[in-house]
Amino acid sequence: MDILAHALWSALTAKIINLKKKHKLSLLKTALWGIFPDLFAFTLLFIILTLGTLFGTTPMPDHNNIEPAMRNGNISIVTEVLYEFSHSIIIFSIIILVLYV
């Protein structure tokens with residue numbers, strides 16, 4: 001739900017900005033940028049869990065082990081680092097500054 005919420009909040013913000021500006025923002029692009037940090041952090045984990053489940057090497061997690069994320073190896077550590085990196089205000093500021101310049 002977090003990814004969906006980020007997409008909706010981003011698109012809503014762009015829609016509100018579009019009401020006041022002549023240069024319109026793309027709602028789709030804004031929504032994609034809104035979910036980019038989550039995609040960056042969780043895509044690798046999603047692929048590994050999906051492939052593992054399809055090929056029978058990873059058991060399907062039950063509802064008790066989904067939140068918080070399972071801590072069962074290196075992939076959860078990598079996901080945690082990617083999440084912290086992609087959700088950092090410092091990284092966000094640097095990217096916005098580079099795009100602005």
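This report covers a helix pair, a pocket and an aromatic contact in a predicted model.

## Packing of α1 and α2

Two packed helices are described by the angle between their axes and the distance between the axes. Helix α1 spans residues 2-20 and helix α2 spans residues 27-54. They pack at an angle of about 145 degrees. Their axes lie 8 Å apart. The crossing of α1 past α2 is right-handed.

On the α1 side, the contact involves D2, I3, H6, A7, S10, A11, A14, K15 and N18. These meet L27, T30, A31, G34, I35 and D38 of α2. By class, the contact holds seven nonpolar, five polar and three charged residues.

## Second largest pocket

The second largest pocket has a volume of about 450 Å³. Its lining counts 17 residues. Closest to the centre are W33, F36, P37, S86 and F92.

Three helices, α2, α3 (74-86) and α4 (89-100), each supply at least two residues of this lining. By class, the lining of the second largest pocket has eleven nonpolar, five polar and one charged.

## Aromatic pairs

A pair of aromatic rings is described by the distance of the centres and the angle of the planes. With ring centres required to lie within 6.5 Å, the model has four aromatic pairs. One of them joins F40 and F85, at 6.1 Å centre to centre. Their planes are 40 degrees apart, and the pair is tilted.

F40 sits in helix α2 and F85 in helix α3, so this pair ties together parts that are 45 residues apart in sequence.

Key
Residues are numbered from 1 along each chain as its sequence is written. This is a predicted model: local features need pLDDT of at least 70, side-chain atom pairs count only at pLDDT 80 or more; totals for chains, interfaces and linings use all residues. Side-chain values use heavy atoms; hydrogens and water are left out. Axes are lines fitted to C-alpha atoms, for helices over the stretch in contact, and angles run from 0 to 180 degrees between N-to-C directions. Helices (H or I, at least four residues) and strands (E, at least two) are DSSP runs, numbered from the N terminus. A crossing is left-handed if the near helix is turned anticlockwise from the far one by less than a right angle, and right-handed if clockwise. Contact means heavy atoms within 4.5 Å. Ala, Val, Leu, Ile, Met, Phe, Trp, Tyr, Cys and Pro count as nonpolar, Asp, Glu, Lys and Arg as charged, and the others, Gly among them, as polar. On a 1 Å grid over the protein atoms alone, a cavity is a set of points where a 1.4 Å probe fits but cannot get out, and a pocket is an open set with protein on both sides within 12 Å along at least five of seven lines; lining residues have an atom within 4 Å of a point. Grid points are joined across faces, edges and corners, and a volume is the space filled by probe spheres set on the points. Rings of Phe, Tyr and Trp (its six-membered ring) pair if their centres lie within 6.5 Å; planes under 30 degrees apart count as stacked, over 60 as edge-to-face and the rest as tilted.
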